[in-house]
Amino acid sequence: ARRRVGRRVAAVNAAAPRRWWCELAWLGGPDATPGVLLEVGDDGALAAVTPGVANPPPGATRLAGLSLPGLVNAHSHAFHRGLRGRTQTGGGTFWTWREQMYGLAGRLDPERYLALAAATYAEMALAGITTVGEFHYLHHDPAGRAYADDAMSEAIVEAAGRAGIRLTLLDTCYLQGGISGPGRELGGVQRRFSDGLVGEWARRVERLREHPTLRVGAAIHSVRAVDPGAIELVAGWAAGRGAPLHAHVSEQPAENEACLAAYGCSPSALLAEHGALDARFTAVHATHLAAGDIGLLGSSGCSVCLCPTTERDLADGIGPAAALRAAGVGLCLGSDSHAVIDLLEEARGVELDERLATGRRGGHDPADLLADATSGGAESLGWSGGGRLAVGAPADFCTLDTSHPRLAGTFGPGGAGAAAAAVFAGAPGAISDVVVAGRAVVAGGEHLALGDVGAALAAAIDDAWRD
């Protein structure tokens, strides 16, 4: 079966198409541009972007519908996909959900993780996602021992390759169970997350090697899980390599309270004090920020990754997106726990959730929301200049079928209002084609390498939960 799939992918990408003609393409702003020819160089980047081409030139692949830059999922925990439908019922809070998550984390080995992550990333591709940031902390075996070949990280890298999408592996430092008290000591499944000492984290990360569709970045799990001295070392490692640095920040009020009690300041201020905040830093969630935190993140040139569908699912709250944008903070989006995988839903969630919180409409321009889902994520994950249909950008794009019932009649002639239509009406089921580095990954709504992604997901999840 793998040989048949390989032949099919090879046939589609034989002498990989170098020209793609878009019926409509979003190049920024509120509207789409008709008749855009995209030409791909040998390096997998866009060598030319030519609007006003009325018909597909000979040899160009025709993309009917609305083409967008590839969507960028800036925050993923791939194994959480196995929780969908299993943790949405009953009561509780983030902390009770976390115990359910630990139940799945304790079951995975490298083989199971590879199968689950590959199918999850393929679901992302079907949803138009061409780049993912994997906030990776499930490093070790159930006893907390390191795999000799860093097999869990290798599984993530191979999974992205099988699914055909770009990956920024945000290798996560996780050293303790909490800031203070009896919960500080690591126990149970948490032993799988920790390298024990920050120097061991650094030695392991040094062995990771990048390639054209892989970037390596760093992550501080949270101020709960990483002490100030280790924050400095991780931040210094990232700064020395010009690598992206991410951290969960102020996801829960309890985190803020514990940080204030232990250090006399907020998580954002603690991270700033120890050298983490700069233009390469992304605060994930940032749901419960004080006004001073928003100003600090803005003045430091940071980004914030919002994950509205997860924040709803876990009853975490609604982040201050409009205030962050006004302060100059760059916004990007993630699907985090994968309650759903739909970056356009994350984009509209930023606006719609804030409408519920404020009683006002229109806090975010649709073109800005679409940029959050594309270029904002690319910058956060170290793909500078990505997430755009522009010369020199990675040749990553996806196409929405504008005849799909979700999109029919949602924008005007010549692509007028296309950004609002994509954000407020787009859905994974309307994605017809996906191209990464100039090579087709999805065509006609089918994943060219994995074929039946639903079957692959069902098999991987069933196996992950099997004793």
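**Ground rules.** I note that this is a predicted model, in which local features need pLDDT of at least 70 and side-chain atom pairs count only at pLDDT 80 or more, while totals for chains, interfaces and linings use all residues. Residues are numbered from 1 along each chain as its sequence is written, and side-chain values use heavy atoms, with hydrogens and water left out.

**Cysteines.** I searched the whole structure for disulfides, that is, pairs of cysteine sulfur atoms within 2.5 Å, and the search finds zero. Cysteine 173 is in no disulfide, since the nearest cysteine sulfur, in cysteine 259, is 16 Å away; cysteine 173 is also buried, with a relative accessible area of 0%. For cysteine 332 the closest cysteine sulfur is that of cysteine 305, and the 4.2 Å between the two sulfurs is too far for a bond.

**Helix H4.** I took helices (H or I, at least four residues) and strands (E, at least two) as DSSP runs numbered from the N terminus. Helix H4 covers residues 151-163, and its 13 residues should span 18 Å at 1.5 Å a residue, which agrees with end C-alpha atoms 18 Å apart; the expected span is 1.5 Å times one less than the number of residues. The buried residues in H4 include Ala151, Ile156, Val157 and Ala163. Just after H4, I found glycine 164 with a positive phi of about 85°.

**Aromatic rings.** How many aromatic pairs does a search of the whole structure find? It finds ten, counting rings of Phe, Tyr and Trp (its six-membered ring) whose centres lie within 6.5 Å, with planes under 30 degrees apart called stacked, over 60 edge-to-face and the rest tilted. One that I followed up joins tyrosine 137 and phenylalanine 193, whose ring centres are 4.7 Å apart with planes at 80°, so the pair is edge-to-face. Tyrosine 137 lies in the loop between strand S6 (129-136) and H4, and phenylalanine 193 in the loop between strand S7 (166-173) and helix H5 (198-206), so the pair ties together parts that are 56 residues apart in sequence.

**Largest cavity.** I counted as a cavity a set of points, on a 1 Å grid over the protein atoms alone, where a 1.4 Å probe fits but cannot get out, and as lining the residues with an atom within 4 Å of a point. The largest cavity has 19 lining residues, of which Phe94, Trp97, Met101, His221 and His248 lie nearest its centre. Helix H2 (residues 94-105) gives the largest share of this lining, five residues.

Tryptophan 465 lies in helix H15 (residues 453-465) and counts as partly exposed at 22% relative accessibility; its C-alpha atom is separated by 9.9 Å from that of alanine 105, 360 residues apart along the chain. Phenylalanine 397, in strand S13 (residues 397-400), is buried with a relative accessible area of 1%, and its C-alpha atom is 9.7 Å from that of alanine 25, 372 residues apart along the chain.

Key. Buried means under 20% relative accessible area, exposed over 50%, partly exposed in between (1.4 Å probe, protein chains only). On a 1 Å grid over the protein atoms alone, a cavity is a set of points where a 1.4 Å probe fits but cannot get out, and a pocket is an open set with protein on both sides within 12 Å along at least five of seven lines; lining residues have an atom within 4 Å of a point.
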